[in-house]
Amino acid sequence: MQDQLLSSLIVLTVCAASLGAANVHAICTPEDLKGLTGFKAGIHLDTSGRLEKWVGFKCCEWEGISCNNATGRVAEIHLPGFISTSDYVYQSEMKGWLSPSITLLSSLEVIDLGGLMSLAGTIPPSIGFHLRKLRKLYLYGNQISGMLPESIGKLWQLEELLLYENKLSGSLPPSLGNLRNLNSMIMYSNQFSGTVPDSFTNLTRLVHLDLHNNSLVGAIPEKIGQLHSLKELDLSNNFLGGRIPLSITNLTAISVLYLDTNNLEGEIPSPSRLDQMPSLSFLRLHNNQLTGEISPNFANLISLQRVSLAHNRLKGKIPSSLGALSALTELYLDDNHLSGIIPESIGQLSQLLILSVSNNNIQGPLPQEMSSLLNLQIINLSFNQFNFSSIPQWLLRLPSLSQIYMAGCGIQGEIPESLKIMPSPIQELDLSVNHLTGNLPSWLGTLTQLYLLNLSRNLLVSDVPESITNLNALGVLDLHSNKLTGNIGQVFNMEHRFPQGSLTYIDLSDNRFTEGSEQIGIGVECGIQSLNLSHNFFSGRLPTTIGMCSSLQSLDLSNNNLGSNLPDALANLGSLEVLKLQRNQFTGSIPEGFLKLSKLRDLDLSNNLLAGQIPAGKPLIDFPESSFSGNRGLCGKPLNPCKL
């Protein structure tokens, strides 16, 4: 009995001690309390309502705060902008400044203030001297500005540094190379300048390095290949120059490598063995100044799925060894100086979805082996030296092909009728800058999945067929520079899937159309953003219904025979940036409402019959004399003053 009483007493004593300790640890230390209240004082708006619950002294019980059970010190701050629970998902916002008092929380291991959208201020210069235990620093998706402090290199325990999508500027401090435990450094979309410090090559535990969309210059560190743990490297959209270091092929763990949109030059380093870069799946080197040939060793990148070498200065033939890249799904080689023929081995790329080789000097014929590309969805052969007389029939029988770009390929004859019986409905078709003749066939109306149709700069004749109204998915229609005639009214009366229609871009310029301009704005096609009907034979007045096309950003009706007054409804086009009405027969005065066109940056009303004073004010006052010349009755700035 006495043993039972003694046991009960011990249990009660332990429980009481535990409760007492928990109660003590719920109360902040003076330093932590001062640090948290200082942070709260810097915030004047918190849409989540979390900070308003920070009252009293028991900070370990505050929302977003976690404490160390042993010491009672604040160890983690979790106040992300994106809040997800089992009941709701919410994007919150904090407006205010990141208070330097946060450095008083000397036991902090995690700071998560990411995605609060409006949190401003700078990273405290002394952060590295006070927060020595910090493992994770998340300040992404805010308005943080200023330089990255040199002392950040003293955060030797730091594992994750996420500062992307802010306004940070200045050079990257070389002291970052001291963070030997760092596995993620993600600082894209800031305003960093200067070079990538050579000290970064000391970060041998780094798995993810992303500095894209900054203003970095200089060369990629020569010893970048020492980062053997690196899986993702993104230095794209900067101003980096020099050669790609040869050591980059030593990145044995790399799976994502984006170096595109820089000023890199020289040849592309290629692995000499299969065990170099064996996991590289996604490679982007486009928009640089790379030269030389694509090495046959490029095929040693056996895991490649997507590769873009477009917009460089590469020359020579496409190596036949590329046919060994069995996992390849997307290949972009556009806008280089490649020559020769497409190798037969390309037909072995059974997973290929996209093949784009436009703007090169590649010659025909296409290898028959490409008929094995059963998964190919998009092909772009435009502007090479193919000189096809017609589109290969086997190409139109590929079961997955839905987008064909064959501009400037020397195609002759009529538009091939086999396009209407392709196994996969055609979605985008570009046969511009060829030698197509004959009519626009009525069967075009059966291509109901068509989004883009570009038949410009050919020798097509006839009217626009009535069946074109069936193309209810059409978003881009370009028929300019042909010999088309008649009425275009049906273009503005398409069947539609959306309230404002689907068409956003229409170019029917440089043809022989005479009727249909009066239909602008009458049909459902009011979502048009760019409309070009210039260099035709339209006459009559411009309809007032044009004011219904509120999405218009560019309107070109120049070089026609349109007349009468300029409709006041043009002033309703608040999104208009380009307005070209020159070389018509417009009369009357320029409507005062033109002063409402605040986004207008290109205006030409020259060579009409306009008269009266040019409305005074912006934006009209900003345009040169040439925008109004050739109208004998016009006066006022920027022309000569009006006579009283």
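Reply: In this predicted model, E417 and K420 form a salt bridge in which the closest N and O atoms are 3.0 Å apart. E417 has a relative accessibility of 45% and counts as partly exposed. K420 is partly exposed as well, because its relative accessible area of 37% falls between the limits of 20% for buried and 50% for exposed.

A second salt bridge joins the side chains of E577 and R601, with an N to O distance of 3.3 Å. E577 sits in the loop between β41 (561-565) and β42 (578-580), and R601 in the loop between β43 (585-587) and β44 (602-604), so this pair ties together parts that are 24 residues apart in sequence. E577 is partly exposed at 26% relative accessible area, whereas R601 counts as exposed at 58%.

The side chains of D602 and K580 also meet in a salt bridge, at 3.9 Å from N to O. Here D602 belongs to strand β44 and K580 to strand β42, and the pair links distant parts of the chain, 22 residues apart. The contact counts as a salt bridge because the cut-off between nitrogen and carboxyl oxygen is 4 Å. D602 is partly exposed, with a relative accessible area of 29%, and K580 is partly exposed with 26%.

Elsewhere, E76, E109, R135 and E159 are linked in a network of salt bridges. Over the whole structure, the search finds 12 salt bridges.

Terms used
Residues numbered from 1 in each chain as written. Predicted model: local features only at pLDDT ≥ 70, side-chain atom pairs only at ≥ 80, totals over all residues. Heavy atoms only, no water. Buried < 20%, exposed > 50% of the residue type's maximum accessible area, 1.4 Å probe, protein only. Helix = DSSP H or I, 4+ residues; strand = E, 2+ residues; numbered from the N terminus.
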